[in-house]
Amino acid sequence: MVHKYMKKVNALIIFSLFLVLLVLFSFSKNKNSLSQISADVPCLLPNLPLVMHLHSELSIEIDGKIQNIPNTIGIEKSCERAIHMHNDTMGKIHVESQTVRDYTLGDFFSVWGEKIEKENYDLIMTVNNQPSKESSSVILKNDQKIKLVYTAKK
Ligand SMILES: [Zn+2]
């Protein structure tokens, strides 16, 4: 009898543990949903030197109008991303990294939470005034000028 009772208690404990884990798992998933957008672009850690610091310029034009690019991209409450904007020149992308690696325009868009391709728009991209088909795989470099010109499809 006692043995049977203990078995029931054990099953109950295991079941409760399972529930607790399930709740913890879904909670941490929710908490990280913002960071998951740009999981590949790390937050800068305090007290670690920058080994890369470069600036790339981005301008976006839609149907002939220059677009405002938010200067808060990559600046989150508790995290400054390795790719971010400051309140300086509009469209100036700062790449400040604590590891040596390449960052792409796609990484920037991922931090922004936007897509480079727009539905019903043709995109012409130039890098330093040269046409480029690299799209999101363009590697961000210092003193580089990236222009994205969108035109509504007719
Ligand atoms: Zn900078």
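**Notes on the predicted model**

1. The protein chain holds 3 helices and 9 strands. Here helices (H or I, at least four residues) and strands (E, at least two) are DSSP runs, numbered from the N terminus. Along the sequence, their order is α-α-β-β-β-β-β-β-α-β-β-β.

2. Residues are numbered from 1 along each chain as its sequence is written. The model is predicted: local features need pLDDT of at least 70, side-chain atom pairs count only at pLDDT 80 or more, and totals for chains, interfaces and linings use all residues.

3. Of the 154 residues in the protein chain, 16% count as buried. A residue is buried if 20 or more other C-beta atoms lie within 10 Å of its own, exposed if 12 or fewer, and partly exposed in between, with C-beta atoms placed from the backbone. Among contacts in the protein chain with a separation of 6 or more, 65% are between residues 24 or more positions apart. Contact is taken to mean that the C-beta atoms of two residues, placed from the backbone, lie within 7 Å.

4. Strand 6 runs antiparallel to strand 1 and is joined to it by 6 bridges, with Lys92 of strand 6 as the bridge partner of Glu57. Strand 2 is also antiparallel to strand 1, over 2 bridges, and Ile62 faces Lys65 there. As a general point, the side chains in a regular strand alternate between the two faces of the sheet.

5. Strand 1 and strand 2 form a hairpin with 2 residues between the strands, and Asp63 takes a positive phi near 45° in it. Asp63 counts as exposed because it has 9 C-beta neighbours inside 10 Å.

6. Strand 7 (residues 121-127) is joined to strand 9 (residues 144-152) by 7 bridges, and the two run antiparallel. Ile124 stands opposite Val149 in strand 9. Strand 7 also runs antiparallel to strand 8 (residues 130-132), with 3 bridges between them, and Val127 is opposite Gln130 of strand 8.

7. Ser135 is partly exposed because 15 other C-beta atoms lie within 10 Å.

8. Helix 3 (residues 105-112) is mostly covered, with 6 of its 8 residues buried. The buried residues are Leu105, Asp107, Phe108, Phe109, Ser110 and Val111. Gly113 follows helix 3 and has a positive phi, near 85°.

9. The largest nonpolar core has 17 residues, of which Ile83, Ile93, Val95, Tyr103, Phe108 and Leu140 touch the most other members. Strand 6 (92-97), helix 3 and strand 9 are the elements that give two or more residues to this core. Helix 3 supplies its largest share, 4 residues. A nonpolar core is defined as a set of buried Ala, Val, Leu, Ile, Met, Phe, Trp, Tyr and Cys residues joined through C-beta atoms within 7 Å.

10. Leaving aside residues up to four places away in sequence, Val95 touches Met52, Leu54, Ser56, Ala82, Ile83, Tyr103 and Leu140. Among these, Ile83, Tyr103 and Leu140 are also listed with Val95 as core residues that touch the most other members.

11. Leu45 and Gln98 are 53 residues apart in sequence and 8.1 Å apart in space, C-alpha to C-alpha.

Technical notes:
Pairing = 2+ DSSP bridges.
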